[in-house]
Amino acid sequence: APADAAAAYVDEHYREADMSIETACEHLHISPSYLSAVFRKELKKSFLQYLTERRMDSAMNLLVKGDLRTADIAERVGIPDPSYFSYSFKKHFGISPSQARKGKDTSHA
C-alpha cells in the first residue's frame with residue numbers, strides 16, 4: 001500500500017533534513033495530494049505527524065541513552081536548527097530535551 005511504502009521510506013530517511021512528503025512522493029512516483037489522503041486514511045495521521053513522531057522518538061532515545069549534545073541530536077534526526085528542534089521536542093513530549101536527558105520523565109521513551 002502507498003501509505004506503508006511511504007512510512008517505510010520515512011523510517012529509512014527521517015534523518016535527512018530535506019525529507020518531506022515531496023521527496024517521498026518523488027521516490028514512490030505518486031502525487032502529494034494522493035499520498036496525503038491515503039496516509040491519513042490508513043495510518044490515521046498526517047505524513048508530517050508521522051515524520052515528526054519518528055524524529056522525536058529517535059531523539060528521545062538518543063537523549064536518554066547517550067551523551068550527545070542536543071544540537072548533535074537535532075542534526076541526527078533531520079532538524080538541523082537546534083532552537084526549532086527544542087521547540088518541536090517540547091511540543092511533542094511536553095518536556096524540554098534537557099529535562100528528558102535528566103530523566104525527569106522517561107515514560108515516552
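Ala, Val, Leu, Ile, Met, Phe, Trp, Tyr, Cys and Pro are counted here as nonpolar, Asp, Glu, Lys and Arg as charged, and the others, Gly among them, as polar. On this basis, the lining of the largest pocket in the predicted model comprises six nonpolar, three polar and two charged residues. The residues concerned are Leu 48, Leu 51, Thr 52, Arg 55, Met 56, Ile 79, Tyr 84, Tyr 87, Ser 88, Lys 91 and His 92. Two or more lining residues are contributed by each of α4 and α6, and the space in the pocket amounts to about 230 Å³.

The packing of these two helices was examined next. Helix α4 spans residues 47-65 and helix α6 residues 82-93, and their axes lie 10 Å apart at an angle of about 95°. Because angles of 65 to 115 degrees count as roughly perpendicular, α4 and α6 are assigned to that class. On the α4 side, the contact is formed by Thr 52, Glu 53, Met 56, Asp 57, Ala 59, Met 60 and Leu 63, whereas α6 supplies Phe 85, Ser 88, Phe 89, His 92 and Phe 93. Seven nonpolar, three polar and two charged residues make up this contact.

Helix α4 also packs against helix α1 (residues 2-13), with an angle of about 35° and a separation of 10 Å between the axes. The crossing of α1 and α4 is right-handed. Here, Ala 6, Ala 7, Val 10 and Asp 11 of α1 meet Phe 47, Tyr 50, Leu 51 and Arg 54 of α4. The contact of α1 with α4 contains six nonpolar and two charged residues, with no polar residue.

Key:
Residues are numbered from 1 along each chain as its sequence is written. This is a predicted model: local features need pLDDT of at least 70, side-chain atom pairs count only at pLDDT 80 or more; totals for chains, interfaces and linings use all residues. Side-chain values use heavy atoms; hydrogens and water are left out. Axes are lines fitted to C-alpha atoms, for helices over the stretch in contact, and angles run from 0 to 180 degrees between N-to-C directions. Helices (H or I, at least four residues) and strands (E, at least two) are DSSP runs, numbered from the N terminus. Angles under 35 degrees count as roughly parallel, over 145 as roughly antiparallel, 65 to 115 as roughly perpendicular and the rest as oblique. Contact means heavy atoms within 4.5 Å. On a 1 Å grid over the protein atoms alone, a cavity is a set of points where a 1.4 Å probe fits but cannot get out, and a pocket is an open set with protein on both sides within 12 Å along at least five of seven lines; lining residues have an atom within 4 Å of a point. Grid points are joined across faces, edges and corners, and a volume is the space filled by probe spheres set on the points. A crossing is left-handed if the near helix is turned anticlockwise from the far one by less than a right angle, and right-handed if clockwise.
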